[in-house]
Amino acid sequence: MISNQAPQGQAPAAVRPDGGPGGGAAPPGGGPLGSRLRGMNVSVLREVALLPVLVLLIIIGTLVSPAFFTVSNFAGIGQQSSALGVVVVGESLILLIGGMDLSLESTYGLAPMVAAWLLVPVAAYGNGLELSPYLGILVLLAVGAVVGLVNGLLIVKGRLNGFIVTLGMTIVLAGMQNGIVKAQSLFNLPPAFGYLGAASVGQLPVSLIVAVIIFVLTGLFLRYHRAGRAIYAVGGNPAAARAAGIKVERVKIGVYVVGSVLAAIGGLMEAGRVSAVTGQQGYGEGIIFTVFAAAVIGGVSLKGGRGNMVGAASGVILLGIVSDILDLAQVSNYWIEAIDGAVILFALVLARVVGGESTAEER
Amino acid sequence: MTSSAVSSGAGALVEVTGVEKRFGTTRALRGVDLSLDAGQCLGLVGRNGAGKSTLVSILSGLSEPDAGTVRFGGAPAPRTGDIGRWREWIATVFQHSMIVPHLSVAENVFLGAMPSMLRPSAAGPSLVSWRAMRRRTRGIMGEWGLDIAPETPCGELSVEQLQVVEIARALARGARCVLLDEPTAALERQAIRRLFDRVRQLTAAGVAVLYISHHLEEVFEICRDVAVLRDGELVLTAPTASLSKDDLVAAMVGGVATAGQASAGAGGAAAVAAVEGASAPGEAAPGDAVLEVDGLTSDSARGRLSGVSLRVRAGEVVGVTGLLSAGVATIGRVIAGAEAHSGGEVRLHGRPVPPGQRAAAQRAGIGYIPEDRRAEGFVAHLGVAENTTMAITRELSGRLGVLSPRRRAIAAAPFTAGLSLVSSGPAQPVAELSGGNQQKVTVARTLAHRPSLIVAITPTRGVDVASKELLLSSLASVAATSGAGVLLCSDELSDLEICDRVLVLVRGEVFTEFSNPPFDRDTLILATEGITGMTDEAARTAEEAAE
C-alpha cells in the first residue's frame, strides 16, 4: 500500500479527504452493486473481519470458566492449535494457487509414522533400523516432499482433477500409515524427535513459537517475495500469469510440495505433543475438515488467488478458542461435534458478511 | 403493464429519463434521456468509460439507477432484478456470450423460461416439455430465417451461431426491444453482413434495436439514429444521415479530450523513451532480421497453419491479417510461445525459440499482447502496477527475491503514464478499470520487459477510437525508436495502418503480401477472402514494391 504514494502519471485521481485514492476510472460492464471504495480499506477490513468474533469468544470464555483467561490456558490453546495451524498454512498456499489437497491430513499422519517406525526398536514395533532422531526428522520432511511432488505431478503434468487425486492419495497414505506398523501405535519416541511438539520455553510452547514463525515468514513471503506474488498471479488467472512469462506449472508443483512438507511438520508437532504416533493421527481424526474451515473462515478463497496469512491465522485461533471453551464448559462429548460444526458455519457466515466477498471478475 | 399495447405506436417503446448512476466518486451516468420507438435502430456510441456499459446494465434490468426512470410503452419498468418480466420488453445480447455450452440450442433459447409440460404455451415451474421447447425453437428459427437445429449442443457452434441463439432467445421471450452490445466484435466480415440483414429484418417487423458499437462505419450503415455518450452525459442524438464520421468522433471525444490526446502523445513518447533508454546494448541493427519463421504448421483449433514462413526486421512493423479461421491468431500465439506447433521453426536473432514455452520465449525477448485480454491479459484483482510489472519481477527483486510494492509502482509508472492509463492509483485492481484501460495494462506489461519482438494479437479489439490510436502509435514508435520488431496479428483493417508490410493468410497459408503502404482497404478485404482475381494485382503490387 506504500505504492499509493508513488507517481502515477497523468491519472486525474480524485483524492478523498483521507488522502487515499478515489474511484478514478469508470466501472467495467455490469457495475458492481457494492461500494467502490475498495483497495486498501477493504482489504484491511477483511483481514480483521474476525476480530470482533474473537473478542466476543474471549468474553464468552471468561464468563464460562475462571480458568479460561489465564496464561496457562492460552498456552494450551496455542500448543493444541499450532500443529493444525502449520497444516492450515500449507493448505492455504495450495488454495491460493487455485488447487486443493485433501491428502494433507494423511501426510500429517504418515510422515511422522514412517519416521518413528525407523527410530524405535523392533520391540516397540519399529523396523529395527533405529535411526538417529535428527535423521528421522529429515525422513519426515522427505516423505512430505515426495507426497507433494507426486500429487503435484499427477495434478499439474497429468492434468488430473485435484480433488480426486488427493482423495485417492489420502486413502493410500492412511492405509500405509497403518500397514507399515500393522495398526500399532508407536510410543517412547526419542526426546529430540518429540521436542518440537512437547517442549516449552518458560510458559511458551516451542510448537507455538515455531508455528508463529512459519505464519509470519509465509505471510511476508506471500506479500514481498517474487515467488509469493507469482502464487497470487497463478491463482488469480493462470492464463495471464503464463502470458506474463511466469512458469505456472513449476509454481503449482512447488506449492504442492511445500504444502505437504508443512503438513509433515504439523504431524511432527502433534506426535511430540501426545508423545506417540497412532494410526488415527490425521486421517483417522478427520482433521482436513477443520483445516479447510480455518482457511476459509480466515478468508482464503476456494477459487484461488485471494487470502492471506493474517486471515488464516485468525481462522486457526478462532477454532482453537471455540474448542477450548467447549471443553471448559464441559459440554457433553455426545454434543461437542454438533456444536463445533455449528460454530464453524456461524463463523463462515459472519466472516462473509463482515469481510464481504470478492467483487471482481465474476462473469 | 403488458396491457399497454405497443401497437399504439405513438408512445416510445423504451423511454429513459434523467437517469443517474454513481459508483463511489465516479458519476457514471448524469441525467441521461433516451427514447426508442418500435422499429427503430438506434446506435449508441462513446469512448470506453463513457457510461455505455452502465446504461446497458440499467436497460437490461441488472442494476438500478440512482435517479431517473425507465418506462416501457408508457408504463414504469418492472422492478430491477425481475428479469423474467423485464425480458418481455427488452433483451440484451451481451458482448460476452451468455450461452451455457453443454446445453442444447433449444435449452439455451428457453433458459430460465422452459415451456411447461402441462401448459406447453407458457413457461412454468413444473415439468419441462422437451417437445414444445424444440418445436418452438424450430418455429422461431424458421420465422427469422435462422438455421440451427434445436438439438445441437451449443459447444459445437461458431461464435456467429451462438449470437443467433442469443437473438432467438430474446425473440422467444417476445422482447420488443433487442439490445446488441458490440455484436460484431468476434464476427467475420460475411457474418457481419448476415447480422445486419437480421437487424433490418427485426426492425422491419417492428422490433426496436439498440446497437452499441465502437465501429462507427457499422453505426452509419445499420442505424437510423445515433446517440453519443461522453463522460456519462448524452451529448448528441441525431439521425445518422445528418452526420459525418468526423462529427461523430468530435462528439465522442469532445473539446477537452482533444487536448488530452495531445498530451497523451507526449506521454507515449515518454514510454517509448523508457523502453529505448534501457534497451540492452548489442541489439540488432536496423534492417537485421529479428524474427525468422520457417514452414510453421499447426493443428490449432483457433485456425490451422500449413507452412507459414515470414521475417520481421528490426524496427519493422509487420501485419498479419485474414479471416478468423485463417490462423491469424494461431501464428501470433505460436511465435509468442503461448501454444505449441506441430512443425517448422521460430528463430529470434538467429537462435531457435523452444516451442510452446511462453516463459522461455519471453526470456528470449518476445513480448506478447494476447488476443483476449480478459483471459490472458491481466490478473483481475491484482493492482495496476503489479500487473504491469508481472513480467519483470526478476529484475525488480533483489538477490533474495524480495519485491517491494513501492519499487513495483515506480517501475510501472512510466509505462502506465506513457499510455495515458487512467486509474485511481497503482494499487487499484485492474478489474475496476474500463476495457480500454485494461488493454493499456496488458500493453504496458509487454512494453515493460523491453522485448526485441512484440507479438500483438488484435490489440485494439473492443477499445475506443482515441485509445486505439494511442495504442497503435505507441507500438509503432517502440518499433521506430527501440529497434524492436512488431508482429501485428489482426483482422481489424484499421490496425494495419501502422504496418510496413502486411501478410494475408488464407486457410493457414500466406496468400499474398503487401509491402507498400498505405494499403488499399478493398484490396485487403478481397485478399483475405482469397479471391483469385486479385492475385494478379497483388503480384503486380509486389512487383512494384520490388522495384
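Which residues of E7(B) are buried on one side and which on the other? Cys177(B), Leu179(B) and Asp181(B) lie on one side, and Val178(B) and Leu180(B) on the other. The model is predicted, so local features need pLDDT of at least 70 and side-chain atom pairs count only at pLDDT 80 or more, whereas totals for chains, interfaces and linings use all residues. Residues are numbered from 1 along each chain as its sequence is written, with chains lettered from A and ligands numbered from 1 in the order in which they are written.

**View 1. Strand E7 of chain B and its two partners.** Strand E7 (residues 177–181) of chain B has five of its five residues buried; a residue is buried if 20 or more other C-beta atoms, placed from the backbone, lie within 10 Å of its own. Strands (E) are DSSP runs of at least two residues, helices (H or I) of at least four, both numbered from the N terminus. Val178(B) is the bridge partner of Ala91(B) and has Val209(B) as its partner in E8(B). In a regular strand the side chains alternate between the two faces of the sheet.

**View 2. An open sheet of chain B.** Six strands follow the order E16-E17-E18-E13-E19-E20 (chain B), with mixed pairing. Strand E16 (366–369) and strand E20 (509–514) of chain B form the edges. E16(B) pairs with strand E17 (residues 453–457) of chain B in the parallel sense over four bridges, and Tyr368(B) stands opposite Val455(B). Helix H9 (residues 328–336) of chain B lies across strands including E18 (485–489), running at about 145° to E18(B); axes are lines fitted to C-alpha atoms, for helices over the stretch in contact, and angles run from 0 to 180 degrees between N-to-C directions.

**View 3. Leu487(B) and the largest nonpolar core.** A nonpolar core is a set of buried Ala, Val, Leu, Ile, Met, Phe, Trp, Tyr and Cys residues joined through C-beta atoms within 7 Å. Of the 255 residues in the largest one, Cys177(B), Val178(B), Tyr211(B), Val455(B) and Leu487(B) touch the most other members. Helix H11 (residues 248–274) of chain A gives the most to this core, with 14 residues. Beyond its neighbours within four places in sequence, Leu487(B) is in contact with residues including Leu291(B), Ile335(B) and Val455(B); contact requires C-beta atoms, placed from the backbone, within 7 Å.

Notes: A residue is buried if 20 or more other C-beta atoms lie within 10 Å of its own, exposed if 12 or fewer, and partly exposed in between; C-beta atoms are placed from the backbone. Two residues are in contact if their C-beta atoms, placed from the backbone, lie within 7 Å. Two strands pair if DSSP finds at least two bridges between them.
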